[in-house]
Amino acid sequence: MKREISSHNPCKGTKMTKLEKARNFMITNAEAYYPKLDTPQIGKGTVNGRPFTTPLQFEIQLRPKDEATLQLWKDNLLPVKENSEGVSTLTLRRRALKKDGSDNGKPRVVGADKQPMDAKTIGNGSTVNVIVWQAPYGDNNESVFNSLTAVQVTNLIEYSGSSVDFDMLEEISPTVAGVKEEDLEAMF
């Protein structure tokens, strides 16, 4: 069954107040940050000062390239937040397991040519298109559930990892007994 994918505001310029039915929504031309699309992670955070953990999940943080895109996200009930530096961000997640405990599958990750690619190579600042599945929930459909479905990388900034390794520490590491604790703390 083919699902409709919308990349426009179905309310024709007016702000959507609630989602009437489930749909796929396409986000285009966003910057990707901190992608965790290959191996699910346990999320941690705080709500009202209380810590919480989330189930295993895949996730990606998106940043809009312009104000019009940011407004489109807000108008389509996506959970946009402002980080501590004043940058608007949208974090999309996909749970690794369904409610019944079965595998939910990874988000599909493709390149500009629509061919599968290694999700581990996506670096911060890469340009992506994203498909998110949205569904209304709550007693009166007052809330929206968003689930990351697919990511297309249109401009890859390749993640190469860190070039710093512990081998460098051997050169400055004290190797004799009686080293002061302050010296050890200064190394890290």
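Me: Does Tyr34 count as buried, partly exposed or exposed, and at what relative accessibility?

Reply: Please keep in mind that this is a predicted model. Relative accessibility is read against two cut-offs: buried means under 20%, exposed means over 50%, and partly exposed lies in between. Tyr34 has a relative accessibility of 43%, and therefore counts as partly exposed. The residue is found in strand β2.

Me: Which residues of α1 are buried?

Reply: The general idea comes from helix geometry. An α-helix has 3.6 residues a turn, so residues three or four places apart point the same way. In α1, the buried residues are Thr69, Leu70, Trp73 and Asp75. At the start of α1, a side-chain oxygen of Asp66 comes to within 3.2 Å of the backbone nitrogen of Ala68.

Me: How many helices and strands does the protein chain have, and in what order do the elements run?

Reply: The chain holds three helices and eight strands. Read from the N terminus, the order is β-β-β-α-β-β-β-β-β-α-α. Of the 188 residues in the chain, 34% are buried. Among contacts between residues at least 6 apart, 63% join residues at least 24 apart.

Me: What does Ala22 touch beyond its neighbours within four places in sequence?

Reply: Contacts of this kind show which parts of a chain meet in the fold. Ala22, in the loop between β1 (5-6) and β2, is in contact with Trp133, Gln134, Ala135 and Pro136. The C-alpha atoms of Ala22 and Asn146 are 9.8 Å apart, although 124 residues separate the two along the chain. Ala22 has a relative accessible area of 39% and is therefore partly exposed.

Me: Is Gln61 buried or exposed, and which residue's side chain does its side chain meet in a polar contact?

Reply: Gln61 belongs to strand β3 and, at 14% relative accessibility, is buried. Its side chain makes a polar contact of 3.1 Å with the side chain of Arg63. Setting aside residues up to four places away in sequence, Gln61 touches Glu31, Ala32, Tyr33, Tyr34, Thr89, Leu90 and Thr91. The Tyr34 in that list is the residue whose phi is near 50°.

Me: What is the volume of the largest pocket, and which residues lie nearest its centre?

Reply: A pocket is read by its volume and then by its lining. The largest pocket has a volume of about 1000 Å³. Its lining comprises 31 residues, and Thr54, Gln57, Lys81, Thr91 and Arg93 lie nearest the centre. By class, the lining has eleven nonpolar, eleven polar and nine charged residues.

Me: Which element supplies the largest share of that lining?

Reply: The largest share, eight residues, comes from β2. At least two lining residues come from each of β2 (23-47), β3 (50-63), β4 (80-82), β5 (88-95) and β8 (143-155).

Notes:
Residues are numbered from 1 along each chain as its sequence is written. This is a predicted model: local features need pLDDT of at least 70, side-chain atom pairs count only at pLDDT 80 or more; totals for chains, interfaces and linings use all residues. Side-chain values use heavy atoms; hydrogens and water are left out. On a 1 Å grid over the protein atoms alone, a cavity is a set of points where a 1.4 Å probe fits but cannot get out, and a pocket is an open set with protein on both sides within 12 Å along at least five of seven lines; lining residues have an atom within 4 Å of a point. Grid points are joined across faces, edges and corners, and a volume is the space filled by probe spheres set on the points. Helices (H or I, at least four residues) and strands (E, at least two) are DSSP runs, numbered from the N terminus. Ala, Val, Leu, Ile, Met, Phe, Trp, Tyr, Cys and Pro count as nonpolar, Asp, Glu, Lys and Arg as charged, and the others, Gly among them, as polar. Buried means under 20% relative accessible area, exposed over 50%, partly exposed in between (1.4 Å probe, protein chains only). Contact means heavy atoms within 4.5 Å. A polar contact is a pair of N or O atoms within 3.5 Å; within protein, one must be able to donate a hydrogen and the other to accept it, and residues adjacent in sequence count only if both atoms are side-chain atoms.
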